Amino acid sequence: MEQLRFDGRVAVVTGAGGGLGKAYALLLGARGAKVVVNDLGGARDGVGKSNFADAVVQEIKDKGGIAVADYNNVVEGEKIIKTAIDNFGRIDILINNAGILRDKSFTKMSDQDWDLIHLVHLKGAFKTTHAAWEYFRKQKYGRVIMTSSNAGIFGNFGQANYSAAKLGLVGLANTLAIEGAKYNIKVNTIAPTAASRLTEDILPPEMFEAMKPELVAPVVVYMTHESFPETGAIIDSTLGFATKTHFVRGYGASLRSKPSDPVTLESVQQHWSKAVNMKDAVHIDKMADVTLDLVEKLQEFQERAKLDGDRESYWSKYSYNSKDLALYALGIGASVHNESDLKFLYESHENFSALPTYFILAGMCLESPLVANSMPPGKHADFTNILHGEQYIEFVDSFPGTEGEFTIRSYVTDVLDKGSSAVSIVNSEIYQGKQLVARTQQHIFVLGQGGFGGPRNSKQAIDVQPAPKRAPDAVVEQQTAEDQAALYRLSGDLNPLHIDPSVATVSGHPKPILHGLASLGFSARHVLAKYAGNDPSNFKALKARFVKPVLPGQTLVTEMWLEGKRVHFQTKTKETGNIVIAGAYIDLKNLVSGGASSAPAAAAPSGALKSDALFAKITEEVNKNKDMAKSVGGVFVYNITENGKTVKSWTLDLKTPTVYEGQPKSGKADTTMTVSDGDLVDIAAGILQPQVAYLKGKLKIAGNIMLAQKLGPLLKSPAKI
Ligand SMILES: CCCCCCC[C@@H](O)CC(=O)SCCNC(=O)CCNC(=O)[C@H](O)C(C)(C)COP(=O)(O)OP(=O)(O)OC[C@H]1O[C@@H](n2cnc3c(N)ncnc32)[C@H](O)[C@@H]1OP(=O)(O)O
């Protein structure tokens, strides 16, 4: 690596007679800079004089460097800069390092203690920098370091004077960084901690020993190099470690509901927790950004007020990324055991997508007081008495991507009186920028809070639809895991009802129940795989009612009826036979029958099954890959179905390897699969399996990222029949 050099540069280091300043001066001298070693030579409280600077100059010279000593007070900073000009003809680098301490508790602090500290630290840095500034501007080059302290940034007992001056230096640096930008003058701040005269009886002895100035000096000297990229930065360094400190500003909140409302003490109190919530805080680089932000917020407030009219809405933000999507997919039963689920679990999959039901979470506004505030006088809603009653989601236009940020407007449209219980209906609009992406509606059942004389029904409610009165066209069953609720809750709904046995008992359940949206997610996946080609963008809308709680570990049985592009469904638990989700439907944009699940057979809505061609293709693939097949092993049975009936069976014996019609000659199958028109089927076994998509008479080998490297050529050229 090329050495960072300072040849031709002239540097002034104040307070360079010892400690950090000395270390900076020695390093600059060793790297080719001509150095003015300034030191008044006072004790750490500023009293007295000695000639430390001469010794440092000598040390630089002994190592072949160039340096002069300067004994001026930083308060007369112009004299120090003059030393640089008189001796070396220019000034490029100024490190404002000189400082003293007058620590006292605030009660005991005198005017003199205050003034002296401000004079040396703040006025001193002003004077030296001011004197150097004209040279920097003219030559269009300058590097300035202000020395601040964590005591100034965070405060420290007994250092009111010092802290105030040290934070003052940050403000000075920030403004000079802006003013100097167009002249290539970079001004940065260092908040160092090192063993020096200022810290020798403050730090514990072992720490004092370890905190060598030489561990900080390279950081500060790098900050003065022409290649240093930043300006206006606060760098914190000690013990060979460096980091950056900066200020962040919260998203904030309006302190009134409408522009025509006054701001009152009570409205401030009401909105305070939102105003100071730092969840969406951002670093602000410059004042102009604060002003711009305020203008944008005001505009946004006015637009929202127009949209809300007299209605009180709750506005929130929701952001998500690929990790959130994969975690959610696991929470609703997606698994690597099912190859077609990989696109919901693996962010590098070529078709990585969000599951459509994920976006219901954006509209949940779990932190909002909406439902609680919607209760009539004398009634209340909290996590101990609410149940998720119904859910609706509709995508307005295009399907959202795999990461993003939404703005959500939620409001209660009606509170229904259902006799013993109340139902609060919450609508949410999900926006990406100004674009409406989706709408959701939740019915929140509030147990025991009815009887207030409110309406029983609402025109705003999106109704459930009864399932057709015939045997289902398709049925898929899947067992949930004992840990299903524990896993699902990590996607955001931390209601203790789903994890805490004591809360579940109080609510009258034998154990924590599964989230309604987790069970719904399972069923929606089953529909998506069976009738939507497992393509989330094919999904338009969903509605469902939660009729009975589900316990983690129970098996969900999704029964589906196809009516045009609407798939009606209901869900039962196998163990009890109870219906748990009723009146549900999913509207699709296009029907793609068949799917990726190894579920019980669905009626094939269209197209004849070209099973013979598929059989021939499987035979061909197995013969081509005999060694691979043998190494995988296992006996697989494919039951080929048409209109829900098994019309043929094949056995694939990978041990031999052979493919033949009928049941296994050995009498034993390791895996049995049902294949209907349009299904994806495995032609090998275990993990070494390219997939064959049999779609509308076309057979092709589907891309499989995990195996692409191993199987190479086999996957590159899709086979057709
Ligand atoms: C903003 C923050 C929001 C946060 C929300 C969510 C937080 C989550 O953590 C909570 C959950 O996930 S809870 C788990 C999922 N939900 C459930 O398990 C509820 C299951 N359902 C039940 O137990 C009953 O249906 C039950 C108890 C709901 C109703 O049973 P009954 O009292 O026996 O009702 P019934 O006599 O059949 O009917 C009375 C009237 O109510 C209507 N109704 C029934 N079930 C409803 C339901 N699920 N949703 C909405 N309305 C429902 C009926 O239509 C009837 O009204 P009407 O007489 O006018 O026809």
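Start by selecting histidine 498 and the ligand: a side-chain N or O atom of this residue sits 2.7 Å from a ligand oxygen atom. That is a polar contact, meaning a pair of N or O atoms within 3.5 Å; within protein, one must be able to donate a hydrogen and the other to accept it, and residues adjacent in sequence count only if both atoms are side-chain atoms.

Before you click on, note that this is a predicted model, where local features need pLDDT of at least 70 and side-chain atom pairs count only at pLDDT 80 or more, while totals for chains, interfaces and linings use all residues. Numbering runs from 1 along each chain as its sequence is written, and side-chain values use heavy atoms, with hydrogens and water left out.

Next, pick aspartate 493, which puts a polar side-chain atom 2.6 Å from an oxygen atom of the ligand. Then move to phenylalanine 546 and show its backbone: a polar atom there is 2.8 Å from a ligand nitrogen. How much of the ligand does the protein cover? It covers 76% of the 1200 Å² of accessible area that the ligand has on its own (Shrake-Rupley method, 1.4 Å probe; for residues, only the protein chains shown count as cover).

Switch to cartoon for the strands. Strands (E, at least two residues) and helices (H or I, at least four) are DSSP runs numbered from the N terminus.

Last stop: helices. Select H4 (residues 111-139) and H6 (residues 160-180), which pack at about 15 degrees with axes 8 Å apart. Axes are lines fitted to C-alpha atoms, for helices over the stretch in contact, and angles run from 0 to 180 degrees between N-to-C directions. H4 and H6 are therefore roughly parallel to each other (under 35 degrees; over 145 is roughly antiparallel, 65 to 115 roughly perpendicular, and the rest oblique).

Finish on H1 (residues 19-30) and H8 (residues 213-223), whose axes come within 9 Å and cross at roughly 60 degrees. That makes H1 oblique to H8.
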